[in-house]
Amino acid sequence: MNGKRALITGYRGQDGAYLSRLLLEKGYQVYGADRAGDSGQWRLRELGIEGRVQELPLDLLETSNIIDALEKARPDEIYNFAAQSFVLVSFAQPVLTAEVNAVGVARLLEAMRKAAPEARFFQASTAELFGSTGSAQKNETTDFHPKSPYAVSKLYAHWLTVNYRQAQGMYACNGILFNHESPLRGEEFLTRKITMAAARITKGLQEKVAVGNLDALRDWGYAKEYVDAMWRILQQPEPDDYILATGEVHSVREFIGTAFAAAGLGLRWEGSGLQEKGVDQDGKVRVEVSKEFYRPADVKELIGDASKAERVLGWKARTKFGDLAAMMVDSEIRRMEGKKVEL
Ligand code: GDP
(Lines give C-alpha, C1' and ligand atoms only; values in the text may rest on other atoms or scores of the structure.)
Protein backbone atom coordinates (compact mmCIF):
# COMPACT_ATOMS: atom_id res chain seq x y z
CA MET A 1 0.00 0.00 0.00
CA ASN A 2 1.29 3.47 -0.86
CA GLY A 3 -1.31 5.15 1.39
CA LYS A 4 -3.03 6.84 -1.54
CA ARG A 5 -6.72 6.55 -2.29
CA ALA A 6 -8.34 6.86 -5.71
CA LEU A 7 -11.97 7.09 -6.76
CA ILE A 8 -12.71 5.92 -10.31
CA THR A 9 -16.15 6.63 -11.74
CA GLY A 10 -17.24 4.26 -14.50
CA TYR A 11 -14.68 1.74 -13.22
CA ARG A 12 -16.23 -1.25 -15.00
CA GLY A 13 -15.67 0.33 -18.42
CA GLN A 14 -12.55 -0.27 -20.50
CA ASP A 15 -10.47 2.59 -19.10
CA GLY A 16 -11.82 2.33 -15.56
CA ALA A 17 -10.95 -1.36 -15.39
CA TYR A 18 -7.44 -0.91 -16.79
CA LEU A 19 -6.79 2.04 -14.50
CA SER A 20 -8.13 0.11 -11.48
CA ARG A 21 -5.56 -2.60 -12.13
CA LEU A 22 -2.75 -0.10 -12.63
CA LEU A 23 -3.51 1.75 -9.39
CA LEU A 24 -3.88 -1.50 -7.42
CA GLU A 25 -0.44 -2.53 -8.72
CA LYS A 26 0.92 0.81 -7.51
CA GLY A 27 -0.47 0.16 -4.02
CA TYR A 28 -3.48 2.48 -4.10
CA GLN A 29 -6.68 1.81 -2.25
CA VAL A 30 -9.08 1.89 -5.19
CA TYR A 31 -12.74 2.86 -4.91
CA GLY A 32 -14.82 2.12 -7.98
CA ALA A 33 -18.09 3.90 -8.52
CA ASP A 34 -20.75 2.92 -11.02
CA ARG A 35 -24.47 2.88 -11.46
CA ALA A 36 -26.11 -0.13 -9.84
CA GLY A 37 -26.44 -3.03 -12.24
CA ASP A 38 -23.92 -1.72 -14.76
CA SER A 39 -22.52 -4.57 -16.81
CA GLY A 40 -18.76 -4.79 -17.19
CA GLN A 41 -17.86 -7.07 -14.29
CA TRP A 42 -16.31 -9.40 -16.89
CA ARG A 43 -13.53 -6.85 -17.40
CA LEU A 44 -12.49 -6.97 -13.74
CA ARG A 45 -12.65 -10.76 -13.90
CA GLU A 46 -10.43 -10.98 -16.99
CA LEU A 47 -7.96 -8.54 -15.43
CA GLY A 48 -7.85 -10.66 -12.26
CA ILE A 49 -8.91 -7.82 -9.94
CA GLU A 50 -12.46 -8.88 -9.10
CA GLY A 51 -13.16 -8.17 -5.43
CA ARG A 52 -10.11 -5.92 -5.02
CA VAL A 53 -11.86 -2.64 -5.82
CA GLN A 54 -14.10 -1.18 -3.10
CA GLU A 55 -17.44 -0.64 -4.81
CA LEU A 56 -19.55 2.45 -4.27
CA PRO A 57 -22.90 3.22 -5.88
CA LEU A 58 -22.80 6.38 -7.94
CA ASP A 59 -25.01 8.06 -10.48
CA LEU A 60 -23.90 11.40 -11.90
CA LEU A 61 -27.55 12.45 -12.11
CA GLU A 62 -27.78 12.57 -8.31
CA THR A 63 -25.73 15.04 -6.27
CA SER A 64 -26.26 13.48 -2.85
CA ASN A 65 -24.79 10.14 -3.81
CA ILE A 66 -21.74 11.87 -5.29
CA ILE A 67 -21.12 13.52 -1.93
CA ASP A 68 -21.64 10.15 -0.17
CA ALA A 69 -19.07 8.54 -2.48
CA LEU A 70 -16.54 11.31 -1.81
CA GLU A 71 -17.08 11.06 1.95
CA LYS A 72 -16.62 7.30 1.91
CA ALA A 73 -13.64 7.17 -0.44
CA ARG A 74 -11.84 10.31 0.85
CA PRO A 75 -9.84 10.21 -2.39
CA ASP A 76 -6.50 11.80 -3.17
CA GLU A 77 -7.26 11.32 -6.86
CA ILE A 78 -10.53 11.16 -8.79
CA TYR A 79 -10.75 9.85 -12.34
CA ASN A 80 -14.04 10.52 -14.13
CA PHE A 81 -14.96 7.95 -16.79
CA ALA A 82 -18.68 7.79 -16.06
CA ALA A 83 -20.44 8.90 -19.24
CA GLN A 84 -22.94 8.21 -21.96
CA SER A 85 -20.07 7.36 -24.27
CA PHE A 86 -21.75 6.42 -27.55
CA VAL A 87 -21.62 9.13 -30.18
CA LEU A 88 -24.44 7.63 -32.27
CA VAL A 89 -26.74 7.23 -29.22
CA SER A 90 -26.18 10.89 -28.35
CA PHE A 91 -28.08 11.99 -31.48
CA ALA A 92 -31.15 10.10 -30.21
CA GLN A 93 -30.63 11.00 -26.53
CA PRO A 94 -29.10 14.48 -26.47
CA VAL A 95 -30.69 15.50 -23.18
CA LEU A 96 -29.62 12.43 -21.22
CA THR A 97 -26.16 12.76 -22.77
CA ALA A 98 -25.95 16.36 -21.56
CA GLU A 99 -27.30 15.49 -18.10
CA VAL A 100 -24.63 12.84 -17.54
CA ASN A 101 -21.64 14.07 -19.54
CA ALA A 102 -21.99 17.81 -18.97
CA VAL A 103 -24.12 18.65 -15.92
CA GLY A 104 -22.92 15.44 -14.24
CA VAL A 105 -19.39 16.82 -14.29
CA ALA A 106 -20.66 20.09 -12.80
CA ARG A 107 -22.26 18.06 -9.99
CA LEU A 108 -19.03 16.15 -9.47
CA LEU A 109 -16.73 19.18 -9.48
CA GLU A 110 -19.05 21.13 -7.21
CA ALA A 111 -19.30 18.20 -4.79
CA MET A 112 -15.50 18.00 -4.83
CA ARG A 113 -15.19 21.71 -4.12
CA LYS A 114 -17.32 21.18 -1.00
CA ALA A 115 -16.27 17.72 0.16
CA ALA A 116 -12.81 17.01 -1.31
CA PRO A 117 -11.20 20.28 -2.45
CA GLU A 118 -7.66 18.95 -2.16
CA ALA A 119 -8.28 15.91 -4.35
CA ARG A 120 -6.78 15.83 -7.84
CA PHE A 121 -9.29 15.46 -10.66
CA PHE A 122 -8.92 13.82 -14.07
CA GLN A 123 -11.60 14.32 -16.71
CA ALA A 124 -11.76 11.91 -19.66
CA SER A 125 -12.02 14.48 -22.42
CA THR A 126 -12.13 13.48 -26.07
CA ALA A 127 -10.75 14.09 -29.56
CA GLU A 128 -14.39 14.38 -30.68
CA LEU A 129 -14.21 17.98 -29.37
CA PHE A 130 -12.15 18.91 -32.43
CA GLY A 131 -14.91 17.87 -34.81
CA SER A 132 -14.48 19.53 -38.16
CA THR A 133 -11.17 21.31 -37.64
CA GLY A 134 -9.54 19.93 -40.77
CA SER A 135 -6.88 17.34 -41.30
CA ALA A 136 -3.87 18.75 -39.44
CA GLN A 137 -2.61 17.07 -36.27
CA LYS A 138 -4.49 18.43 -33.28
CA ASN A 139 -2.63 19.73 -30.26
CA GLU A 140 -3.63 21.40 -26.99
CA THR A 141 -4.13 24.77 -28.72
CA THR A 142 -6.32 23.60 -31.63
CA ASP A 143 -9.84 25.04 -31.69
CA PHE A 144 -12.87 22.89 -30.95
CA HIS A 145 -15.79 22.47 -33.37
CA PRO A 146 -17.88 19.61 -31.92
CA LYS A 147 -20.15 17.76 -34.36
CA SER A 148 -22.38 15.61 -32.15
CA PRO A 149 -24.46 16.04 -28.97
CA TYR A 150 -21.84 13.78 -27.37
CA ALA A 151 -19.00 16.10 -28.35
CA VAL A 152 -20.95 19.20 -27.29
CA SER A 153 -21.65 17.67 -23.86
CA LYS A 154 -17.98 16.76 -23.46
CA LEU A 155 -16.99 20.28 -24.48
CA TYR A 156 -18.88 21.70 -21.51
CA ALA A 157 -17.17 19.22 -19.18
CA HIS A 158 -13.80 20.07 -20.69
CA TRP A 159 -14.13 23.80 -20.17
CA LEU A 160 -15.68 23.37 -16.74
CA THR A 161 -12.65 21.34 -15.68
CA VAL A 162 -10.40 24.16 -16.94
CA ASN A 163 -12.61 26.67 -15.14
CA TYR A 164 -12.45 24.92 -11.76
CA ARG A 165 -8.67 24.88 -12.15
CA GLN A 166 -8.46 28.58 -13.03
CA ALA A 167 -11.29 30.04 -10.96
CA GLN A 168 -11.34 27.75 -7.93
CA GLY A 169 -7.66 26.85 -7.83
CA MET A 170 -8.47 23.14 -7.90
CA TYR A 171 -6.11 20.51 -9.27
CA ALA A 172 -8.24 19.56 -12.29
CA CYS A 173 -6.94 18.18 -15.60
CA ASN A 174 -8.26 17.01 -18.95
CA GLY A 175 -6.81 14.16 -20.94
CA ILE A 176 -7.92 14.77 -24.54
CA LEU A 177 -8.14 11.14 -25.53
CA PHE A 178 -8.00 10.02 -29.11
CA ASN A 179 -9.61 6.64 -29.85
CA HIS A 180 -8.08 4.03 -27.61
CA GLU A 181 -8.99 0.40 -27.92
CA SER A 182 -8.29 -3.02 -26.45
CA PRO A 183 -9.79 -6.48 -25.99
CA LEU A 184 -11.80 -4.83 -23.17
CA ARG A 185 -13.49 -2.32 -25.49
CA GLY A 186 -17.30 -2.37 -25.54
CA GLU A 187 -18.77 -4.46 -28.35
CA GLU A 188 -20.57 -1.51 -29.99
CA PHE A 189 -17.37 0.36 -30.82
CA LEU A 190 -15.90 -0.12 -34.27
CA THR A 191 -12.66 -1.92 -33.42
CA ARG A 192 -14.19 -4.46 -31.06
CA LYS A 193 -17.18 -5.04 -33.31
CA ILE A 194 -14.84 -5.78 -36.21
CA THR A 195 -12.32 -7.94 -34.35
CA MET A 196 -15.15 -10.00 -32.84
CA ALA A 197 -16.76 -10.41 -36.25
CA ALA A 198 -13.46 -11.43 -37.89
CA ALA A 199 -12.87 -14.08 -35.21
CA ARG A 200 -16.44 -15.38 -35.40
CA ILE A 201 -16.39 -15.53 -39.19
CA THR A 202 -13.16 -17.60 -39.23
CA LYS A 203 -14.79 -19.97 -36.74
CA GLY A 204 -17.92 -20.24 -38.90
CA LEU A 205 -20.11 -18.63 -36.23
CA GLN A 206 -21.09 -15.60 -38.24
CA GLU A 207 -21.54 -14.92 -41.96
CA LYS A 208 -20.84 -11.20 -42.26
CA VAL A 209 -20.89 -7.85 -40.49
CA ALA A 210 -22.62 -4.54 -41.30
CA VAL A 211 -20.89 -1.23 -40.64
CA GLY A 212 -21.30 2.50 -41.32
CA ASN A 213 -18.87 5.13 -42.60
CA LEU A 214 -15.80 3.37 -44.05
CA ASP A 215 -14.03 6.61 -44.90
CA ALA A 216 -13.66 8.02 -41.37
CA LEU A 217 -10.00 8.47 -40.43
CA ARG A 218 -9.00 7.88 -36.83
CA ASP A 219 -5.94 7.78 -34.59
CA TRP A 220 -6.26 4.44 -32.76
CA GLY A 221 -4.08 3.58 -29.74
CA TYR A 222 -3.97 0.94 -27.01
CA ALA A 223 -6.08 1.77 -23.94
CA LYS A 224 -3.74 0.02 -21.50
CA GLU A 225 -1.04 2.56 -22.37
CA TYR A 226 -3.44 5.51 -22.16
CA VAL A 227 -4.42 4.85 -18.53
CA ASP A 228 -0.75 5.03 -17.57
CA ALA A 229 -0.65 8.54 -19.12
CA MET A 230 -3.79 9.51 -17.17
CA TRP A 231 -2.08 8.56 -13.91
CA ARG A 232 1.02 10.52 -14.93
CA ILE A 233 -1.13 13.58 -15.62
CA LEU A 234 -2.22 13.65 -11.96
CA GLN A 235 1.36 13.26 -10.67
CA GLN A 236 2.64 16.54 -12.12
CA PRO A 237 3.48 19.53 -9.88
CA GLU A 238 0.93 21.68 -11.75
CA PRO A 239 -2.44 20.65 -13.23
CA ASP A 240 -2.75 20.88 -17.01
CA ASP A 241 -4.43 19.39 -20.11
CA TYR A 242 -2.80 16.88 -22.46
CA ILE A 243 -3.49 15.26 -25.81
CA LEU A 244 -3.06 11.47 -25.75
CA ALA A 245 -2.73 9.98 -29.24
CA THR A 246 -0.46 7.88 -31.44
CA GLY A 247 0.05 10.46 -34.22
CA GLU A 248 -0.94 7.89 -36.89
CA VAL A 249 -4.13 7.99 -38.88
CA HIS A 250 -5.96 5.15 -40.69
CA SER A 251 -9.40 4.71 -42.19
CA VAL A 252 -12.18 2.49 -40.91
CA ARG A 253 -11.82 0.52 -44.17
CA GLU A 254 -8.12 -0.04 -43.41
CA PHE A 255 -8.89 -1.19 -39.87
CA ILE A 256 -11.37 -3.74 -41.17
CA GLY A 257 -8.92 -4.99 -43.83
CA THR A 258 -6.08 -5.30 -41.31
CA ALA A 259 -8.20 -7.09 -38.69
CA PHE A 260 -9.70 -9.50 -41.21
CA ALA A 261 -6.23 -10.24 -42.63
CA ALA A 262 -5.03 -11.02 -39.10
CA ALA A 263 -7.86 -13.57 -38.88
CA GLY A 264 -6.75 -15.13 -42.18
CA LEU A 265 -9.47 -13.48 -44.27
CA GLY A 266 -8.05 -11.43 -47.13
CA LEU A 267 -10.68 -8.88 -48.17
CA ARG A 268 -11.06 -6.98 -51.41
CA TRP A 269 -13.42 -4.02 -51.67
CA GLU A 270 -16.07 -3.78 -54.38
CA GLY A 271 -18.64 -1.09 -55.15
CA SER A 272 -18.99 2.29 -53.48
CA GLY A 273 -21.18 4.16 -50.99
CA LEU A 274 -23.94 2.06 -49.46
CA GLN A 275 -23.19 -0.64 -52.09
CA GLU A 276 -19.57 -1.11 -51.04
CA LYS A 277 -18.72 -4.64 -49.89
CA GLY A 278 -15.75 -6.47 -48.45
CA VAL A 279 -15.42 -9.81 -50.23
CA ASP A 280 -13.14 -12.64 -49.06
CA GLN A 281 -10.85 -14.89 -51.12
CA ASP A 282 -13.73 -17.36 -51.71
CA GLY A 283 -15.95 -14.61 -53.10
CA LYS A 284 -18.14 -14.44 -49.97
CA VAL A 285 -19.42 -11.06 -48.84
CA ARG A 286 -18.09 -10.53 -45.31
CA VAL A 287 -18.60 -6.79 -44.83
CA GLU A 288 -21.59 -4.71 -45.85
CA VAL A 289 -22.47 -1.08 -45.40
CA SER A 290 -25.72 -0.20 -43.64
CA LYS A 291 -27.36 3.16 -43.07
CA GLU A 292 -28.13 2.01 -39.52
CA PHE A 293 -24.54 2.65 -38.44
CA TYR A 294 -24.10 6.04 -40.09
CA ARG A 295 -24.12 9.11 -37.84
CA PRO A 296 -26.15 12.17 -38.85
CA ALA A 297 -22.75 13.93 -38.84
CA ASP A 298 -19.42 12.16 -38.50
CA VAL A 299 -15.99 13.64 -37.89
CA LYS A 300 -13.96 13.10 -41.04
CA GLU A 301 -10.47 12.86 -39.65
CA LEU A 302 -8.88 12.87 -36.19
CA ILE A 303 -5.14 12.71 -35.66
CA GLY A 304 -3.38 13.86 -32.51
CA ASP A 305 -0.03 15.38 -31.67
CA ALA A 306 0.95 14.05 -28.24
CA SER A 307 4.37 15.73 -28.13
CA LYS A 308 3.46 17.69 -24.98
CA ALA A 309 2.63 14.41 -23.19
CA GLU A 310 5.96 13.00 -24.34
CA ARG A 311 7.89 16.08 -23.23
CA VAL A 312 6.20 16.63 -19.85
CA LEU A 313 4.91 13.19 -18.85
CA GLY A 314 7.57 11.05 -20.53
CA TRP A 315 4.72 9.16 -22.22
CA LYS A 316 4.46 7.89 -25.78
CA ALA A 317 1.99 5.52 -27.43
CA ARG A 318 3.96 2.36 -28.24
CA THR A 319 1.36 0.02 -29.74
CA LYS A 320 0.36 1.20 -33.18
CA PHE A 321 -2.43 0.38 -35.61
CA GLY A 322 -1.32 -2.95 -37.15
CA ASP A 323 -0.20 -4.52 -33.86
CA LEU A 324 -3.34 -3.27 -32.12
CA ALA A 325 -5.67 -4.83 -34.71
CA ALA A 326 -3.74 -8.13 -34.70
CA MET A 327 -3.63 -8.26 -30.91
CA MET A 328 -7.37 -7.64 -30.64
CA VAL A 329 -8.19 -10.37 -33.17
CA ASP A 330 -5.84 -12.81 -31.41
CA SER A 331 -7.54 -12.04 -28.06
CA GLU A 332 -10.94 -12.64 -29.59
CA ILE A 333 -9.88 -16.04 -30.91
CA ARG A 334 -8.25 -16.99 -27.59
CA ARG A 335 -11.44 -16.06 -25.73
CA MET A 336 -13.49 -18.21 -28.07
CA GLU A 337 -11.12 -21.11 -27.43
CA GLY A 338 -11.43 -20.63 -23.66
CA LYS A 339 -7.80 -19.49 -23.33
CA LYS A 340 -6.48 -16.68 -21.17
CA VAL A 341 -6.30 -13.29 -22.87
CA GLU A 342 -3.20 -11.08 -22.54
CA LEU A 343 -4.41 -7.72 -21.21
P1 GDP B 1 -15.93 6.93 -31.43
O2 GDP B 1 -14.92 7.59 -32.33
O3 GDP B 1 -15.65 7.12 -30.00
O4 GDP B 1 -17.32 7.24 -31.77
O5 GDP B 1 -15.69 5.36 -31.66
P6 GDP B 1 -16.38 4.30 -32.62
O7 GDP B 1 -15.50 3.10 -32.57
O8 GDP B 1 -17.81 4.11 -32.25
O9 GDP B 1 -16.34 4.97 -34.08
C10 GDP B 1 -15.13 5.19 -34.78
C11 GDP B 1 -15.43 5.55 -36.23
O12 GDP B 1 -15.90 4.37 -36.90
C13 GDP B 1 -16.50 6.61 -36.43
O14 GDP B 1 -16.07 7.49 -37.45
C15 GDP B 1 -17.72 5.82 -36.92
O16 GDP B 1 -18.59 6.55 -37.77
C17 GDP B 1 -17.01 4.74 -37.72
N18 GDP B 1 -17.84 3.55 -37.94
C19 GDP B 1 -18.10 2.98 -39.13
N20 GDP B 1 -18.89 1.90 -38.99
C21 GDP B 1 -19.15 1.79 -37.66
C22 GDP B 1 -19.92 0.86 -36.90
O23 GDP B 1 -20.54 -0.07 -37.42
N24 GDP B 1 -19.97 1.05 -35.55
C25 GDP B 1 -19.29 2.07 -34.95
N26 GDP B 1 -19.34 2.20 -33.62
N27 GDP B 1 -18.55 2.97 -35.64
C28 GDP B 1 -18.49 2.82 -36.99
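Modeller: Start with a definition: contact means heavy atoms within 4.5 Å. Leaving aside neighbours within four places in sequence, Thr97 is in contact with Gln84, Ser90, Ala102, Pro149, Tyr150 and Ser153. This is a predicted model, where local features need pLDDT of at least 70, side-chain atom pairs count only at pLDDT 80 or more, and totals for chains, interfaces and linings use all residues. Residues are numbered from 1 along each chain as its sequence is written, and side-chain values use heavy atoms, with hydrogens and water left out.

Biologist: Why is Thr97 called buried?

Modeller: Buried means under 20% relative accessible area, exposed means over 50%, and partly exposed lies in between (1.4 Å probe, protein chains only). Thr97 has 0% relative accessibility, so Thr97 counts as buried.

Biologist: Where is Thr97 found?

Modeller: In helix α5, residues 94–115. Helices (H or I, at least four residues) and strands (E, at least two) are DSSP runs, numbered from the N terminus.

Biologist: What lies 2.6 Å from a polar atom of the Thr97 side chain?

Modeller: The backbone oxygen of Gln93. A polar contact is a pair of N or O atoms within 3.5 Å; within protein, one must be able to donate a hydrogen and the other to accept it, and residues adjacent in sequence count only if both atoms are side-chain atoms. The 2.6 Å between Gln93 and Thr97 meets the distance limit.

Biologist: Now Thr9. Why does Thr9 count as buried?

Modeller: Thr9 has 0% relative accessibility, so Thr9 counts as buried. Thr9 is in strand β1, residues 5–9. A polar atom of the Thr9 side chain lies 3.0 Å from the backbone nitrogen of Ala82. Residues that Thr9 touches include Ala33, Leu58 and Tyr79.

Biologist: Why is β1 called largely enclosed?

Modeller: 5 of the 5 residues of β1 are buried, so the rest of the structure largely encloses β1. Arg5, Leu7 and Thr9 point one way, Ala6 and Ile8 the other way. In a regular strand, side chains alternate between the two faces of the sheet.

Biologist: What makes β1 and β2 a pair?

Modeller: Two strands pair if DSSP finds at least two bridges between them. β1 and β2 have 5 bridges, in the parallel sense. Ile8 stands opposite Gly32 in β2. Strands β4 (residues 77–80) and β5 (residues 120–126) also run parallel, joined by 4 bridges. There, Glu77 stands opposite Arg120 in β5.

Biologist: What is the strand order of the open sheet?

Modeller: The 7 strands run β3-β2-β1-β4-β5-β6-β11, with parallel pairing. β3 (54–57) and β11 (242–244) each have a single partner strand, so they stand at the edges. Neighbouring strands are turned by 25° against each other on average, direction ignored.

Biologist: Which strands does helix α1 lie across?

Modeller: Helix α1 (residues 14–25) lies across β1, β2, β4 and β6, at about 170° to β1. Axes are lines fitted to C-alpha atoms, for helices over the stretch in contact, and angles run from 0 to 180 degrees between N-to-C directions.

Biologist: How many residues surround the ligand?

Modeller: 16 residues do, and the closest are Leu190, Lys193, Gly212, Arg295 and Asp298. Near means that a heavy atom of the residue lies within 4 Å. A backbone N or O atom of Gly212 lies 2.8 Å from a nitrogen atom of the ligand. Taken alone the ligand exposes 530 Å², and the protein buries 93% of that. Accessible areas come from the Shrake-Rupley method with a 1.4 Å probe; for residues, only the protein chains shown count as cover.
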